[in-house]
Amino acid sequence: MKIIKEGKIPSERLYRTTCRHCKTVFEFLESEGNVRYYRDGNYVEIICPICNIICNVTRK
Ligand SMILES: [Zn+2]
């Protein structure tokens, strides 16, 4: 095989959010959450590690 032009594996998207319930600030990778597709935009759902409620972050 011969590589003509070397590409780059896209790095995973990192998100930072503040839990609206317990105010914990945390970062997570997109693969740690669940992507939800809506007509008005896409969101990533992530469970807060402290209080376990679902937080929604706008998908990048
Ligand atoms: Zn929380």
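Reader: Let's start with E4, residues 41–47. How many bridges join strand E4 to E5?
Author: In this predicted model, 5 bridges join E4 to E5, and the two strands run antiparallel.

Reader: OK, other side. How many bridges join E3 to E4?
Author: E3 and E4 are joined by 5 bridges, again running antiparallel. As an example of who faces whom, Asn34 stands opposite Glu45 in E4.

Reader: How many residues does the hairpin from E3 to E4 go through?
Author: That hairpin passes through 2 residues.

Reader: Zooming out, in what order do the strands sit in the sheet?
Author: The order is E3-E4-E5, with 3 strands making an open sheet and antiparallel pairing. Strand E3 (34–38) and strand E5 (54–58) are the edge strands, each pairing on one side only.

Reader: By how many degrees are neighbouring strands turned against each other?
Author: On average they are turned by 30°, with direction ignored.

Reader: Side chains next. Where do they point in a regular strand?
Author: As a general rule, they alternate between the two faces of the sheet.

Definitions and conventions. Residues are numbered from 1 along each chain as its sequence is written. This is a predicted model: local features need pLDDT of at least 70, side-chain atom pairs count only at pLDDT 80 or more; totals for chains, interfaces and linings use all residues. Two strands pair if DSSP finds at least two bridges between them. Helices (H or I, at least four residues) and strands (E, at least two) are DSSP runs, numbered from the N terminus. Axes are lines fitted to C-alpha atoms, for helices over the stretch in contact, and angles run from 0 to 180 degrees between N-to-C directions.
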